Amino acid sequence: MGNDEQRTSQVASTVLDADAADAGFDGGLHRAFATELRCRTLYLLCTRHESTSREELATLLAGWAATDDGRMRSAEDRDRVRTALHHRDLPLLADLGFIAFDPASGSVSVRSIPDAVVEAVVESVSGAPEGP
Amino acid sequence: MTGFDDLMSSVREDRKQFDVYAPDDETAVANVLTAHNVDVKRRSLPDGGPGPFLVVKEDGEFAGAIPFSELDGLLEPPLQRPPALEGVSDGYRVLFEALDGTVFTALGRRDLLAVTREIEERAFRVGSGTLRACFQSFDRFRPQVDVYRELAGDTDLDVHVYGTPNWEVPEIAGLTYHELDGGAARRYWVLALEAEAGTVTNALVAVEREAGYDGFWTDDPERTRDAMAVLEAI
């Protein structure tokens, strides 16, 4: 796992930098919404799963995608979601101070999500966008 | 007896788990799965989030997430299955396998006899087709001779009885005996019934262990024919 994890972390850092550059930075809001996966993750955290895990989020997000288009999501599909969560979305949301994320145990808990973000997330998700 | 071993492992749903993600008042899918004696857990979903879906796990690992919209027709009898499970996504394969058979472990002879009687009575009712029964050894067939004499004589069933030759079996018209050698076959207690044109199918496959019998029974046509084929090949 070691070298792969390191290599993937480097890739993830590059993705984060690119996110930051694209965002043009208005606080954390833009970055929080930069991907639909991140937006849905926030929605799940805001609405029900205040204390959860990377694994449970990956399952919920894979299931969510399945209900978007009525197609089954496979273990490989879920692995892709899990990898994105682990290396990109959860660390970023943790950096923003929205959540606490322990990469080792995979535990995720809400710390402080601004009301404006919660409102925007709920509004965005109810627009029924495409899945991951 | 690799054939029966393969059959048993293919329906061993105790390794399968189903997590139902649905609103609290949506209970139909969980109820259907529970009726199949599989491990079902209910999970909550936030309002406004994903629609209801089923997560299928095997050996604790995620095998697939299936939206409820895709389950229509899959859970209600007659169960609709793809013609072959090979090539089907893991999530569906695990689901179909769980629905196909009722697996048991450490079952006593009395319980197995009850299932056996049920299949034999069904054989009487259908009255035509093929019934194959492996009694492990012919002395275990002895108490059932009269039943099988009637099955062979009073119906149009093609009846086949298997066992190791440790008792001199009586000749019965319409009944064919198949002698097993002393190998692994004698551990298996098997019945397979297929009515004419496959309108009724039933199979019981059980292997004798120290603590009792492990196996499954099913009404799935494909699994029944598989059990039938293993016996035919003996």
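Predicted model: local features only at pLDDT ≥ 70, side-chain atom pairs only at ≥ 80, totals over all residues.
Visitor: What percentage of the residues of chain A count as buried?

Guide: Buried means under 20% relative accessible area, exposed over 50%, and partly exposed in between, with a 1.4 Å probe and protein chains only. Of the 132 residues of chain A, 42% count as buried, and for chain B buried residues make up 50% of 234. One case is A:Leu60, which is placed in helix 4 of chain A and counts as buried because its relative accessibility is 0%. A:Leu60 lies 20 residues from A:Arg40 in sequence, with 9.6 Å between them in space, C-alpha to C-alpha.

Visitor: Which residues have the most contacts inside the largest nonpolar core?

Guide: In soluble globular proteins, nonpolar side chains tend to be buried together. A nonpolar core is a set of buried Ala, Val, Leu, Ile, Met, Phe, Trp, Tyr and Cys residues joined through side-chain atoms within 4.5 Å. Here the largest nonpolar core has 32 residues, and those with the most contacts inside it are A:Leu85 and A:Ile99. The elements that give two or more residues to this core include helix 3 (36-47) of chain A and strand 3 (53-58) of chain B, and helix 3 of chain A gives the most, with seven residues. Apart from this core lies another, of 24 residues, among them B:Ala123 and B:Tyr213.

Visitor: Which residues is A:Leu85 in contact with, leaving aside its neighbours within four places in sequence?

Guide: Contact means heavy atoms within 4.5 Å. With those neighbours left aside, the partners of A:Leu85 include A:Leu37, A:Arg54, A:Leu61 and A:Pro91.

Visitor: At what angle do helix 5 and helix 7 of chain B pack?

Guide: Two packed helices are described by the angle between their axes and the distance between the axes. Axes are lines fitted to C-alpha atoms, for helices over the stretch in contact, and angles run from 0 to 180 degrees between N-to-C directions. Helix 5 (residues 109-126) and helix 7 (residues 145-154) of chain B pack at about 25 degrees, with their axes 10 Å apart. Helix 5 of chain B is therefore roughly parallel to helix 7 of chain B, since angles under 35 degrees count as roughly parallel, over 145 as roughly antiparallel, 65 to 115 as roughly perpendicular and the rest as oblique. Across this contact, B:Glu120, B:Ala123 and B:Phe124 of helix 5 meet residues of helix 7 including B:Tyr148 and B:Leu151.

Visitor: Where does B:Gln136 lie?

Guide: B:Gln136 lies in strand 6 (residues 128-137) of chain B, and has a positive phi of about 70 degrees although it is not a glycine.

Conventions:
Residues numbered from 1 in each chain as written. Chains lettered and ligands numbered in written order. Heavy atoms only, no water. Helix = DSSP H or I, 4+ residues; strand = E, 2+ residues; numbered from the N terminus.
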